[in-house]
Amino acid sequence: MTHLVNKTKIYYIICLLLFLIFGHEASINAENKNRRFSETRLLMGTTVEVIVIGGKEDVAKKSIADAFSAMERIDRLMSNFKEDSDISRINRGAGTDAVAVDNDVVEVIKKSIYYSEISDGAFDITIGGVEELYNFEDEGRIPEKGKFKNSVSLIGYKNIIVNGNTVRLMKKGMKLDLGGIAAGYAVDKGIDAIKKCGINNALINAGGDIRVTGESENSKWKIGILHPREENKLINTLTLKDISVTTSGDYRKYFVSGGKRYHHILNPNTGLPTEGVQSVTIIAPLAVDSDALATTVFVLGKNKGMELIEKLKDVEGIIIDSDGLAIYSSGAKNYIHN
C-alpha cells in the first residue's frame, strides 16, 4: 500500500513538473504571439516604420534590422540624390553610354515602362529633369521658363533602352526619377526579408506606401485614409491582410503661389502639377504596384483613372476628386471597416 502511494505521489509530482515546464512555455508562446516590436527610421526621404507581431524577441528584432537593410540597399541603388547610385550613373550617361546596373534596378525600370505603356505616358520616370526644377519645401519654387521648356521636351519613356542589365537614355539631359515607384519596391523587399526570418505578421509604412502581411495583434490591420483637406480627419478606415495600399495626394508636398496650389505630382505631358484630383488610394497585392498606380491614376484623373483600376486584376481604388467627392472602384468597399 505504501509502495502504491509513493508511486502515485511520484506520478503527480511528474505531472506537476510537466505542467510547470510546458504550461509556462505555452504561456510564453501565447504572450510572444501577440507581442509587438517596431522601429522607425528616416529613409528614402521619408519616415519608415517597421512593425512585426509575434516571435521571439531576438528573431523579431533581427527581422526588423534585415528589413531596413533591404530597403536601404534599394535606396542606395535608386536614389537620384546619391551620386554613386545606379540611377545617378544612368542620368550622367544620358545621350552617350549604356550603363550596367543591378538587376533590381532593371526590374523597377521595366515595371515603370509597363505602367507608362498602359497609361499612355501618365506615369513616366523620365520626368526627373522637370521635378528637380521645383522646390516644394519652405516657400516653394516655380521653375524658370527657359529651363522648364527644355526639360519638358526631354520627357519620354520611349527613349529608355533596356538591354540585358544595361540601361541607356537616348537624349542628352534626360533624367530618371524613381520617386513614384522605388519606395513601394523597397517596402516589398523589406517584407521579403521579414518573411525569411520566419515572421508572418508584419507591416511596413514608408511615408504612405504600406504593405501588410498576416494580421496585427488580434485581427486584420486597420489603415486610415486621410482627408486631403481636413487635417487629422479620416475618409475611411481599411481592414487589410496580405496586401498593399498607397495613397498619393496633393496635400503631402505643396506650396501656394499666386493663389495656385503647386504640388509634387506632375503631369508628364505638361510638367505641371496635375489638376482634378485631391488624392488617390490604391489597393494591390504588391507595394511596387500600389505605389506606381497611385501616381498613374492621379495623373489620369477620376474617369480614365477609374477605368484603368477596373481593368487591372486584384486592384481596387478610391479617388477623391477636386470637389472632395469620393469615388470607389467596384471592389473597394470590401476593404472598408464599418
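Which strand supplies the largest share of the lining of the second largest pocket? Point 4 takes this up.

1. The model is a predicted one. In the protein chain, the secondary structure consists of nine helices and 15 strands. Along the principal axes, the C-alpha atoms fill a box of roughly 105 × 45 × 40 Å.

2. Of the 338 residues in the protein chain, 48% are buried. Taking contacts between residues at least 6 apart in sequence, 59% join residues at least 24 apart.

3. Helix H2 (residues 57-78) meets helix H4 (residues 103-118): their axes come within 10 Å and cross at roughly 75°. Because angles from 65 to 115 degrees count as roughly perpendicular, H2 is roughly perpendicular to H4. On the H2 side, the contact is made by Arg73, Ile74, Leu77 and Met78. H4 contributes Asp104, Val105 and Val108. By class, the residues of this contact are five nonpolar and two charged, with no polar ones.

4. The second largest pocket has a volume of about 200 Å³. Its lining consists of 13 residues, and those nearest the pocket centre are Gly208, Ile210, Ile223, Gly224 and Arg252. At least two lining residues come from each of strand E8 (221-226) and strand E10 (243-249). The opening question is answered by E8, which gives four residues, the largest share of the lining.

5. The lining of the second largest pocket can also be sorted by class: seven residues are nonpolar, five are polar and one is charged.

Definitions and conventions
Residues numbered from 1 in each chain as written. Predicted model: local features only at pLDDT ≥ 70, side-chain atom pairs only at ≥ 80, totals over all residues. Heavy atoms only, no water. Axes fitted to C-alpha atoms, helices over the stretch in contact; angles between N-to-C directions. Parallel < 35°, antiparallel > 145°, perpendicular 65-115°, else oblique. Contact = heavy atoms within 4.5 Å. Nonpolar A, V, L, I, M, F, W, Y, C, P; charged D, E, K, R; others polar. 1 Å grid on protein atoms, 1.4 Å probe; cavity = no way out; pocket = protein on both sides within 12 Å on 5 of 7 lines; lining within 4 Å. Points joined across faces, edges and corners; volume = space filled by probe spheres on them. Buried < 20%, exposed > 50% of the residue type's maximum accessible area, 1.4 Å probe, protein only.
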